[in-house]
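Hi there,

Here is the structure I promised to pass on to you. Have a look at it first, and then read on for my notes.

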Amino acid sequence: MQKQLTNGPLLDEDGNLVEAGFSFRMVKEYDRSKIKAGKSRIKEWDYYYIGNNKYGVAFTIDDNSLYGLGSVSILDFEKKTYITESSMKFFTNGKIGFPSNSSEGDITWDYNGYYLHFVNKDKKRVIDVFIAKYHDDCPFEAHFELEEIMDDSMVIATPFLKKAHFYYNEKKNCMKAKGYYKFKNQTIDFSDSDTRAILDWGRGVWTYKNTWYWSGLSGISDGIEVGFNLGYGFGDTSAASENMLFYDKKAYKLEDVEFIIPKDDKGEYDYLKPWKLVSKDKSIDLDFMPLIDRKDITNFIILKSFQHQVFGIFNGIIKVNDIVVKFDNIVSFAERVTNYW
């Protein structure tokens, strides 16, 4: 069953979702003041991934209440290398001031030599980053301009089994992107002819332990803008999944998906061996050949995060209605993340 959300407030007077489901636009009103759960459980973030088949960058500002984060990753798919560095501040507790919707409002992280500034206006987004001492204590600078070209996005309101706990999420795919980053006397340029961006906009109240699976892609196939959002693993998704196909400026709802990740002889995930992303009816049939496992492990005993965001090459098809979209050698990511937070 896939229930479509209606206009109105996100939460009722008890802090529970008024309704669970999906939509193609942000139709529910998120209001942090309506949250009834413990304030330390609130999680808010904006995450951007920008990439083509040669290079990628990721920028994150988040406020997990107990701590906040400004993070930058750079990826080289030809050399199969990556760097991730972050600035962390404890007990941010909503002080970053995230906007209540994705269509307006700017966000700034300015702490410990890390400056990340996300500007959002009229379907245009500008990202400016300066880090005094990034990897190897070298400065890092970046400037990107993004343009929304899709009419639709993926929006989902997911409840948890625990009262007053929920996740409200939007994924904006297929944004045109251009810009550069400078690091260690090298400038890497990105052209909007082949570079696309994804926004992961998240607001919610989470339970302590969760594992999620997520894959996002934006690219061009046969001259047409294509992409997908696929994921599962947390909360009660009986009302709707977060799976969508993006094709020629429109979104199409998909049902289930499973990430088949190989395991080694010890039963541990072998993230750099080929994956499959498939649905029961084979309408989703994707092969994923990993290039980089962007592994990020944080362990503060009580607060822990085990992230494997794997970047690689997608091939395969997604079918919906009478549309069959082919994905031929497009680089993007699929991830498995477990958080204790």
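A definition to begin with: buried means under 20% relative accessible area, exposed means over 50%, and partly exposed is in between, with a 1.4 Å probe and protein chains only. This is a predicted model, so local features need pLDDT of at least 70 and side-chain atom pairs count only at pLDDT 80 or more, while totals for chains, interfaces and linings use all residues. Residues are numbered from 1 along each chain as its sequence is written, and side-chain values use heavy atoms, with hydrogens and water left out.

Let me start with the rings. Rings of Phe, Tyr and Trp (its six-membered ring) pair if their centres lie within 6.5 Å; planes under 30 degrees apart count as stacked, over 60 as edge-to-face and the rest as tilted. By that rule the structure holds 46 aromatic pairs. In one of them, Trp-45 and Trp-212 have ring centres 6.3 Å apart and planes at 35 degrees, so the pair is tilted. Trp-45 belongs to strand β4 (residues 42-51) and Trp-212 to strand β16 (residues 209-221), so this pair ties together parts that are 167 residues apart in sequence. Strands here are DSSP runs (E, at least two residues), numbered from the N terminus. Trp-45 is buried at 7% relative accessibility, and Trp-212 is buried at 14%.

Phe-90 and Phe-91 form another tilted pair, with centres 6.4 Å apart and planes at 50 degrees. Phe-90 is partly exposed at 41% relative accessibility, whereas Phe-91 is exposed at 54%. There is also a cluster linked by ring pairs, including Tyr-213, Phe-228, Trp-275 and Phe-327.

Lys-304 has its charged end over the ring of Tyr-340, 4.5 Å from the centre. Lys-253 lies over the face of Phe-22, at 5.3 Å from the ring centre.

Now for the strands, where two of them pair if DSSP finds at least two bridges between them. An open sheet of nine strands has the order β19-β18-β17-β16-β24-β23-β22-β21-β20, with antiparallel pairing. At its edges stand β19 (250-253) and β20 (258-260), each with a single partner strand, so one side of each is left without a neighbour in the sheet. Inside this order, β17 (residues 224-232) and β18 (residues 244-247) pair in the antiparallel sense over four bridges, and Asn-229 stands opposite Met-244 in β18.

Which residues point each way from β12, and are they buried or exposed? Met-154, Ile-156 and Thr-158 point one way, Val-155, Ala-157 and Pro-159 the other, and all are buried. Strand β12 (residues 154-159) runs antiparallel to β2 (residues 21-23), joined by three bridges, with Gly-21 opposite Ala-157. Six bridges join β12 to β13 (residues 166-183), also antiparallel, and Thr-158 stands opposite Tyr-167 there. These two strands, β12 and β13, form a hairpin with six residues between them, and Ala-164 in the turn has a positive phi of about 65 degrees.

Finally, the cysteines. A search of the whole structure finds zero disulfides (pairs of cysteine sulfur atoms within 2.5 Å). Cys-138 is partly exposed at 21% relative accessible area, whereas Cys-174 is buried at 0%.

Best wishes

Definitions and conventions: Lys NZ or Arg CZ within 6 Å of the ring centre and 35° of its normal.
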